[in-house]
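The following exercises are to be worked with the sequence and the structure in view. Each task is followed by a solution in steps.

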Amino acid sequence: MFTARRRAGGSSRLRPRDLADEALAGLVQRPGRSVLTMLGTVLGIGGFVAIVGLSQTANGQIGTAFSRLDATEVIVTDSAAAAAKTPALDFPADADARAGRINGVVAAGVWWTVPLKHGAVSARPPGAHPAGLSLNVTAATPEALAASGAVLRSGVLFNRFHQDHAQNVAVVAAPAAAQLGLTSLAEQPAIFIGGQPFTVIGILSGDQRLPQLNLGVIVPEKTALRVWGLPHHDSPAQMIIHTRLGAAPVVAGQVPVALRPGDPLALTAATSANGSELGQEVAASLNNLLLALAGIALIVGMIGIANTTLVAVLERKSEIGLRRALGARPVHISAQFLTESTALGLSGGLIGASLGVVTVLVVTVLHHWTAVLAPGLVLAAPAAGAIIGLIAGLYPALRASGVEPAEALR
Amino acid sequence: MTARTEAAAATEAPVVIRLAGAACTYPGPPPVRALKPADLVIGRGEHVAITGPSGSGKSTLLNLVGLIDRPTAGTIEIDGLDVGGSPERRRAAVRALRIGFVFQSFHLLPHRTALENVMLAQVYTGIARGGRRAAALTALEQVGLGERSGSLPSALSGGERQRVAIARALINRPSLLLCDEPTGNLDSATTAEISGLLEGLHRAGTTLLVITHNPAVARRAQRRITIRDGYLTEARGPQAAAPDGARRVHG
């Protein structure tokens, strides 16, 4: 039975299963300490998952709130007129009808700001005192009002009849109506714009897409052309298009050709993504701040694991000596402590990722939101914890392998 | 040389330990010559006691024989293998399979049962996992602790703890049981119990090298070697002294 053992070139071994058993035993024997050691990693990983998950979820919600307007809007600008030095209008007379025939368009209409002198709008005839108000006067087709989502408080909007016959009618936004002293439309009140009388037929409570309509006076486009001529190159004409959901990019590509087949470059169509881009930038910088905080928690967690493992190495010097006497090589000792710290990091990552997901779910349920969470993130979190544990264990493992057994066993 | 060869032949047993001019000097400053060049041959089945005052070099000798320290001069053979200058992986394998350690302070892991403490000695041997529990239980029964295999060290008396440590040292059936003050932490009744157990193991064929302060424990050995100021002296049947002042010690 002894001769079987007389192998000349043998070397001591540590099976992976034995390594796992020994490392786990090291952790399970001090459960309280292991949990406290994991805490930093739990907080860091949990913070990461919760922050990224919540920001993804919140972005999803902001997206649905704003995309109704953003994703269904195309703005066509008269770029040739803006470059010209003289008043110009590059939209054809039947622009609204042409754009309206494009598949996906709900409503489309041309509008522009009428260039008027200060104090051009008044409730009294010209020459009366005091001077008129400096209100924003907008020329718009009935379709433009439909496309922009104008909401009436009282009266009616002007229609195709008013437009085609260039009637002197006006729709006044509620604040402007108050300034002009218009309380009721029953008497068919008149206002004077640049000396011209207009009958006020409606009071606007608000407009979803064109905020400039909320404060001023709106007249039919044909009337504006007849009275004041072509739009000024400082404020060229635009077309606002309300599309069906998702159709905006396609409509934007088609509309210049549909309106100006001979010179489509005179018009520039754009979907309005600027607002949401800004929102994303703001959200991103906020996220970066929170992620930096979670990163700090992770580093603190790593230092915690490193510290506890180092203390364990110093505490367990006699165990290290014993293991060396029982045939462990320095590399086996290193492997054991590295496995312990990696297991600590992995457990911290698992618990942290779970807590992070639960946090996202709780917040989501409380806000009646839809949870959005990248599965890759949830799966990567425990791996990140394990890597943190591995890195944290490097120095303690090196120290453990350098323990002199003769000294440790004394 | 001739004397040792004859001695080995006379005992008609294979040599377990052979120290030839083995010395250990700890680098200073100033350098400490903890063990002067020593020759020692221990055959299979021998029971050898080493005594000496503190600081005499006992621990150094034990660390050399146990392959925990390396000699700064001379050679060490275990089972005929020259292990003094072997790479660490081979020395570790010899420690795992051929040497059983018994320490004064037991060195049991506090959170593991007696059985698990015994099984720890198999972790670094490469032995298949399957038969370990049964082997550990057999070793515990061998030291009379079969009934307490599930107890934690804190629930065991000092003598029982040392029995667990002896079982751990025996489980891989080592060529040599190396005991460093095995009764140093025990009262006299327990000391008698443990030295009786060691004597029983010797009768069953185990080779024992016991370092002890206790004359009663040393008296049980066949051979008694005294170490003083780094020199070895055999109490029984001394042979011619080596020219350098060290004594050749053999059976």
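**Exercise 1. Strand pairing around E11(A)**

Which residue in E11(A) is the bridge partner of A:Ile75?

Solution. The model is a predicted one, in which local features need pLDDT of at least 70 and side-chain atom pairs count only at pLDDT 80 or more, while totals for chains, interfaces and linings use all residues. Residues are numbered from 1 along each chain as its sequence is written, and chains are lettered from A and ligands numbered from 1 in the order in which they are written.

Step 1. Locate the strands (DSSP runs of E, at least two residues, numbered from the N terminus, as are helices, runs of H or I of at least four). Strand E1 (residues 73-78) of chain A pairs with E11(A) in the antiparallel sense, over five bridges; pairing requires that DSSP find at least two bridges.

Step 2. Read off the partner: A:Ile75 is bridged to A:Ala270.

Step 3. In E11 (residues 267-271) of chain A, A:Ala270 belongs to the uncovered face with A:Thr268, whereas A:Leu267, A:Ala269 and A:Thr271 form the covered face.

**Exercise 2. The surroundings of E2(A)**

Determine which strands pair with E2(A), and how many of its residues are buried.

Solution. Step 1. Apply the burial criterion: a residue is buried if 20 or more other C-beta atoms lie within 10 Å of its own, exposed if 12 or fewer, and partly exposed in between, with C-beta atoms placed from the backbone. In strand E2 (residues 105-113) of chain A, eight of nine residues are buried.

Step 1. Identify one partner: strand E10 (residues 238-243) of chain A runs antiparallel to E2(A) and is joined to it by six bridges. Here A:His242 stands opposite A:Ala107.

Step 2. Identify another: E2(A) also pairs in the antiparallel sense with strand E4 (residues 137-140) of chain A, over three bridges, and A:Thr113 has A:Thr138 as its bridge partner.

**Exercise 3. The buried face of H8(A)**

Which residues of H8(A) are buried, and why do they line one face?

Solution. Step 1. In helix H8 (residues 221-228) of chain A, the buried residues are A:Glu221, A:Thr223 and A:Ala224.

Step 1. Seen down the helix axis, these residues fall within an arc of 155 degrees (taken over the directions from the axis to the C-beta atoms), so they line one face of H8(A).

Step 2. This buried set packs against E2, E4, helix H6 (160-164) and strand E9 (217-220) of chain A. Just after H8(A), A:Gly229 takes a positive phi of about 80 degrees.

**Exercise 4. Contact between the chains**

How many residues does each chain bring to the contact?

Solution. Step 1. Chain A supplies 26 residues and chain B 29. Residues are in contact if their C-beta atoms, placed from the backbone, lie within 7 Å.

Step 1. On the side of chain B, helix H3 (residues 88-98) of chain B gives the largest share, nine residues.

**Exercise 5. Confidence in chain A**

Where in chain A does pLDDT stay under 50?

Solution. Step 1. pLDDT is the predictor's confidence in each residue, from 0 to 100. Chain A averages 85, and 91% of its residues score at least 70.

Step 1. The stretch under 50 is residues 1-9 of chain A, with six contacts beyond four places in sequence.

Step 2. Where pLDDT is low, the predicted coordinates should not be read in detail.

Key:
Contact = placed C-beta atoms within 7 Å.
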